[in-house]
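Dear colleague,

Please find the structure below.

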Amino acid sequence: MSDLFKNEPALLKVALLGNPVLRKKVENVTREELKDPRTAYFIDSMIDTMREYNGAGLASPQVHVSKKIIIIEAQDNPRYPKRGEIPLTVLVNPEIVSFSQEVEEGWEGCLSVAGLWGRVKRSTAITVNAMTREGKDVEIKAEGFFAVVLQHEIDHLYGKLFVDRMEDMSTLCFTQEYNRYWSD
Ligand code: ZN
């Protein structure tokens, strides 16, 4: 292969609602797998894909890989204006170890549920244990928008989508109507 393609991340295809990969059991990433340069390449490709589609996060099952990797980032995101900034965060095998009792309802969308928005209740603060992409163990205490996106992305690792969490399906709406009537 020519050097032209060396180390260039690729855009990945996002699986849409109904694709069985979104509901499949997801395995932990082993430390061996994490050291594999192909894993680093895959993570870089996830980052490019999330940015290309203006996602605030992306979970590996959404791009057809049933391994526990999530990425999150929000900076001037047109899909989520006024929600606050989240620096690029890559988490491997994330696990929520505590949820706040306090919950708040907010609007969520998903690259795998393209064009639809709905209201979901989430804990306002959570603690997550995970590994970084370098294999370092970390504990993350998150609140606000960061906590919401973490819960959304970690749900993907258990085959759950935001529509499964909606208590009132009457809030489901298309992007155009969401922007016109509801967008905060
Ligand atoms: Zn999603």
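Metal donors here are N, O and S atoms within 2.8 Å of the metal (3.2 Å for Na, K and Ca), and water is not among the atoms, so sites may look incomplete. This is a predicted model, in which local features need pLDDT of at least 70, side-chain atom pairs count only at pLDDT 80 or more, and totals for chains, interfaces and linings use all residues. Residues are numbered from 1 along each chain as its sequence is written, and side-chain values use heavy atoms, with hydrogens and water left out.

Three residues coordinate the zinc ion at 2.1 to 2.3 Å: C110 through SG, and H152 and H156 each through NE2. C110 sits in the loop between β4 (103-108) and β5 (116-123) while H152 belongs to helix α3 (residues 144-156), so this pair ties together parts 42 residues apart in sequence. Helices (H or I, at least four residues) and strands (E, at least two) are DSSP runs, numbered from the N terminus. C110 is buried at 3% relative accessibility, and H152 is buried at 7%; buried means under 20% relative accessible area, with a 1.4 Å probe and protein chains only.

In α2 (residues 37-52), the buried residues are T39, F42, I43, S45, M46, I47, T49 and M50. Just after α2, N54 has a positive phi of about 55°.

The lining of the largest cavity takes six residues from α3, the most from any element. H152, a zinc donor, is among the lining residues nearest the cavity centre, as is E153. A cavity is a set of points on a 1 Å grid over the protein atoms alone where a 1.4 Å probe fits but cannot get out, and lining residues have an atom within 4 Å of a point.

Regards

Key
Buried < 20%, exposed > 50% of the residue type's maximum accessible area, 1.4 Å probe, protein only. 1 Å grid on protein atoms, 1.4 Å probe; cavity = no way out; pocket = protein on both sides within 12 Å on 5 of 7 lines; lining within 4 Å.
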